[in-house]
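Me: I am new to this structure and would like to understand the words used to describe it. Could we go through them one at a time, setting each value against its definition?

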Amino acid sequence: MGVFTHEMEVSSPLPTGKAFKSFVLESDTLFPKAAPFAIKGVEYLEGNGGPGSVRKEKIDDIDQDNLSYTYTVIESDLFKNIIEKISYETKFAVAPNGGTTVKVTTHFYSVGDIEIKEEAVKDSLEKRARVFKAVEEYLLANPDA
């Protein structure tokens with residue numbers, strides 16, 4: 001199995017607690033509203049969203065300074081027979097301007113000896129960045145969300 005790792009860091013004017021709550025704890029309900037072009041809905045296969053839950057994503061105010069979230073995608077129609085799994089490590093930290101810095105480290109695990117093409121990774125990361133911006137715009141436009 002090959003591994004390709006990429007880091008992405010973005011800054012947001014959102015407070016850190018709100019960014020973490022929105023992007024992690026409420027992503028199952030918020031993402032389909034804010035970024036319906038990417039996340040159509042979320043279905044829990046096991047659990048109810050807590051630790052150890054398994055969820056299926058249909059794709060086409062915590063007040064702490066440094067928060068993190070790790071999850072692994074074990075199946076996706078986007079990478080059939082190429083990617084075995086993708087693991088994400090996401091860290092939210094207070095930015096000097098009072099917003100949030102979000103750093104995402106992504107590990108792509110290929111099936112067997114298949115080489116992961118950088119273009120496919122770049123496309124995946126660009127889609128992720130578009131979802132992030134869509135959720136951020138939604139939250140800025142809807143401060144009570």
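Me: What share of the 145 residues in the protein chain is buried?

Reply: Buried residues make up 34% of the 145 residues in the protein chain, where buried means under 20% relative accessible area, exposed means over 50%, and partly exposed lies in between (1.4 Å probe, protein chains only). This is a predicted model, in which local features need pLDDT of at least 70 and side-chain atom pairs count only at pLDDT 80 or more, while totals for chains, interfaces and linings use all residues. Residues are numbered from 1 along each chain as its sequence is written, and side-chain values use heavy atoms, with hydrogens and water left out.

Me: How many helices and strands are there in the protein chain, and which pattern do they follow along the sequence?

Reply: The protein chain has three helices and six strands, taken as DSSP runs numbered from the N terminus (H or I and at least four residues for helices, E and at least two for strands). Read along the sequence, they follow the pattern β-α-α-β-β-β-β-β-α.

Me: Why does Leu30 count as buried?

Reply: Leu30, which lies in helix α2, has a relative accessibility of 6% and therefore counts as buried. Leaving aside neighbours within four places in sequence, Leu30 is in contact (heavy atoms within 4.5 Å) with Ser22, Val135, Tyr138 and Leu139.

Me: What puts the buried residues of α2 on the same side of the helix?

Reply: The buried residues of α2 are Ser27, Leu30, Phe31 and Ala34. They cover an arc of only 100° around the axis, so they sit on the same side of α2; the arc is that of the directions from the helix axis to the C-beta atoms.

Me: Why are α2 and α3 called roughly perpendicular?

Reply: The axes of helix α2 (residues 27-34) and helix α3 (residues 118-141) come within 9 Å and cross at roughly 90°. Axes are lines fitted to C-alpha atoms, for helices over the stretch in contact, and angles run from 0 to 180 degrees between N-to-C directions. Angles under 35 degrees count as roughly parallel, over 145 as roughly antiparallel, 65 to 115 as roughly perpendicular and the rest as oblique, and α2 and α3 are therefore roughly perpendicular to each other.

Me: Which residues of α1 and α2 meet, and at what angle do the axes of these helices cross?

Reply: Ser22, Phe23, Val24 and Leu25 in α1 meet Ser27, Asp28, Leu30 and Phe31 in α2. The axes of α1 and α2 come within 6 Å and cross at roughly 90°, so these helices are roughly perpendicular to each other.

Me: Why is α1 described as largely enclosed by the rest of the structure?

Reply: Eight of the ten residues of α1 are buried, and α1 is therefore largely enclosed by the rest of the structure. The buried residues of α1 include Phe20, Phe23 and Val24.

Me: Which residues have the most contacts inside the largest nonpolar core?

Reply: The largest nonpolar core has 28 residues, and those with the most contacts inside it are Phe23, Phe31, Phe92, Val102, Phe108 and Val135. A nonpolar core is a set of buried Ala, Val, Leu, Ile, Met, Phe, Trp, Tyr and Cys residues joined through side-chain atoms within 4.5 Å. Among the elements, α3 gives the most to this core, with seven residues.

Me: How do you know whether Leu67 is buried or exposed?

Reply: Leu67, found in strand β4 (residues 66-73), has a relative accessible area of 9% and is therefore buried.
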